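Here are my notes on the model, point by point. Please read them with the structure open.

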Amino acid sequence: MAKNHITTTINGDEYEFLCDTEQTLLDCLRDELFMTGTKEGCASGDCGACNVMLDGQLVCSCLVLGVEADGKSVETIEGMAHGDKLHPLQQKFLELNGLQCGICTPGILIAAKALLDRNPDPTETEIRYWLAGNLCRCTGYDKVVRSVQAAAEEMRKG
Amino acid sequence: MDDLRYEAPGTLEAAVALLAGEKGEARVMAGGTDVLVLLHGDIIEPDLLVDIKNIPELNGITQENGGWRVGAATNCMDIVDHQEFSAAWPGVIDGVKLIGSIQVKGRASIGGNLANASPGADTVPAIMAAGATATVFGPKGQREVPVEDIAIAPGKTSLAKGEIIVSFFFPPRPPHSGGAYLRFTPRTEMDIAVVGVGIDLTLDDGGTCQAARVVLGAVAARALLVDEAAATLIGTAVDDDALANLAAAASAACRPIDDKRGTKEFRVKVAAVLARRTALIALQRAKQS
């Protein structure tokens with residue numbers, strides 16, 4: 001069967017790709033567009049490693065079909081820094097060791113940014129609940145939470 | 001599976017025509033948080049996926065005749081973020097908030113949760129307790145169905161071929177009404193209910209319970225609307241005696257299985273404990289409304 005021809009906006013730029021119906025948005029980002037910043041963890045919506053923004057909504061890209069992205073706007077980890085200037089979340093994760101192996105980090109950063117965009121001053125409890133669907137097997141989460149808190153503080157200063 | 005087709009119709013009529021006309025297996029998809037896991041796990045092998053979430057009637061939350069209409073594919077984050085609906089139906093919001101992670105809530109919907117027909121679905125006892133009605137559209141037109149008549153067994157619904165759930169209607173709230181949903185899970189987040197209880201109450205001006213609906217989840221093949229449990233509350237001030245009777249009635253209604261999440265005995269006991277706790281939250285909310 002012919003592949004589906006998809007046109008979508010990713011991090012502000014228009015992209016076209018061909019995909020099978022079964023392919024997830026995650027598959028399309030990584031295997032068709034070679035944007036490998038978005039990671040595959042569980043591939044079943046449990047771990048949050050593949051988080052992206054789809055039309056402004058935080059979603060697991062493993063639970064979105066590539067065909068669904070047609071005409072939509074996608075934001076991935078590749079769009080988070082501005083050139084060499086890291087987003088405050090990225091900077092604080094580096095400074096405060098908010099990561100170890102790093103596989104879960106892009107998904108956590110996307111989720112944390114979605115939180116701070118709607119709530120610039122979340123409590124620790126709010127951060128922990130918001131990130132409850134992002135599994136990290138290295139950090140024990142504490143440094144992740146501290147990094148998000150520090151980034152939030154930095155961003156509130158402007 | 002290499003010839004799987006995907007359609008995203010913009011109207012109810014087009015969706016139903018696609019579903020009813022498919023010679024192979026057609027699957028309805030909204031947020032995809034269940035269907036895509038089944039698809040990629042090779043548990044289902046459909047020939048056609050009909051994505052219904054772009055149909056206007058399936059989206060949004062609007063006031064209607066003093067109540068609320070919620071599109072069946074409205075994602076859970078949009079529901080949680082809707083302040084007026086949340087204030088009117090806090091028990092429904094209890095259930096919606098427990099659906100997966102934030103990123104799953106960004107896609108998952110009440111309609112999908114109901115149509116997936118898991119006995120442990122968190123929103124189902126909550127919307128059954130609320131007395132919600134589902135609007136169903138199919139090849140023979142539209143019908144209104146009490147929510148408790150949709151899911152009939154694990155993975156099975158009463159929907160005919162080609163029928164889809166369009167929206168839910170939550171009826172007008174009398175004064176002094178309140179609802180709640182609680183579940184037991186080994187951890188606080190990202191888990192599936194071992195037992196779930198949804199309760200909705202209406203009090204009169206003197207604080208006597210005038211109406212009640214009690215629903216148990218994950219203790220039978222489908223969520224159970226337990227009239228005997230509701231009867232223990234009606235006509236009482238939801239005092240300790242009534243709560244003890246409620247707890248006993250909740251346990252008595254359970255028909256659970258043993259599985260990896262809990263034993264029969266555990267579920268029967270927890271249903272009593274949760275029914276009491278849920279009723280107290282519903283009572284508190286009813287008094288405040």
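1. Strand β11 (residues 177–184) of chain B and β12(B) run antiparallel and are joined by eight bridges. Strands are DSSP runs (E, at least two residues), helices likewise (H or I, at least four), and both are numbered from the N terminus. Two strands pair if DSSP finds at least two bridges between them. Across this pair, B:Y181 stands opposite B:G198 in β12(B).

2. A word on the source. This is a predicted model, in which local features need pLDDT of at least 70, side-chain atom pairs count only at pLDDT 80 or more, and totals for chains, interfaces and linings use all residues. Residues are numbered from 1 along each chain as its sequence is written, while chains are lettered from A and ligands numbered from 1 in the order in which they are written.

3. On to the next strand pair. β12(B) is joined to strand β13 (residues 209–217) of chain B by eight bridges, and the two run antiparallel. B:G198 has B:V215 as its bridge partner in β13(B). B:D200 stands opposite B:R213 in β13(B). The hairpin of β12(B) and β13(B) has five residues between the strands, and B:G207 takes a positive phi near 90° there.

4. The sheet is open, with four strands in the order β11-β12-β13-β14 (chain B) and antiparallel pairing. Its edge strands are β11 and β14 (224–225) of chain B, each of which pairs on one side only.

5. How well covered is strand β12 (residues 195–203) of chain B? Nine of its nine residues are buried, so the strand is largely enclosed by the rest of the structure. Buried means that 20 or more other C-beta atoms lie within 10 Å of the residue's own; exposed means 12 or fewer, partly exposed is in between, and C-beta atoms are placed from the backbone. B:V195, B:V197, B:I199, B:L201 and B:L203 point one way from β12(B). B:G196, B:G198, B:D200 and B:T202 point the other way, and all are buried.

6. Helix α11 (residues 264–288) of chain B has 25 residues and should span 36 Å at 1.5 Å a residue; its end C-alpha atoms are 36 Å apart, which agrees. The expected span is 1.5 Å times one less than the number of residues. Among the buried residues of α11(B) are B:R267, B:V270, B:A271, B:L274, B:A275 and B:T278. The buried residues of α11(B) pack against α5 (90–97), β11, β12, β13, α9 (227–231) and α10 (240–253) of chain B.

7. The largest nonpolar core has 146 residues. Such a core is a set of buried Ala, Val, Leu, Ile, Met, Phe, Trp, Tyr and Cys residues joined through C-beta atoms within 7 Å. B:L216, B:V226, B:A250, B:A271 and B:A275 have the most contacts inside it. α11(B) gives the largest share of this core, nine residues. Not counting residues up to four places away in sequence, B:V226 touches B:V214, B:V215, B:L216, B:A249, B:A250 and B:A253. Two residues are in contact if their C-beta atoms, placed from the backbone, lie within 7 Å.

8. Elsewhere in chain B, strand β5 (residues 67–71) is mostly covered, with four of its five residues buried. Strand β4 (residues 61–64) of chain B pairs with β5(B) in the antiparallel sense over four bridges. B:V70 in β5(B) is the bridge partner of B:I61. In the hairpin of β4(B) and β5(B), with two residues between the strands, B:N65 takes a positive phi near 50°. β5(B) and strand β10 (residues 164–170) of chain B run antiparallel and are joined by four bridges. Here B:V70 stands opposite B:F168 in β10(B).

9. Domains next; their bounds come from an automatic or database domain assignment. Chain B has domain 1 (5–51), domain 2 (56–170) and domain 3 (177–288). Chain A is divided into domain 1 (4–79) and domain 2 (88–157). The C-alpha centres of these two domains of chain A lie 22 Å apart.

10. The contact between the chains takes 22 residues from chain A and 24 residues from chain B. β4(A) gives the most to the chain A side, with four residues.
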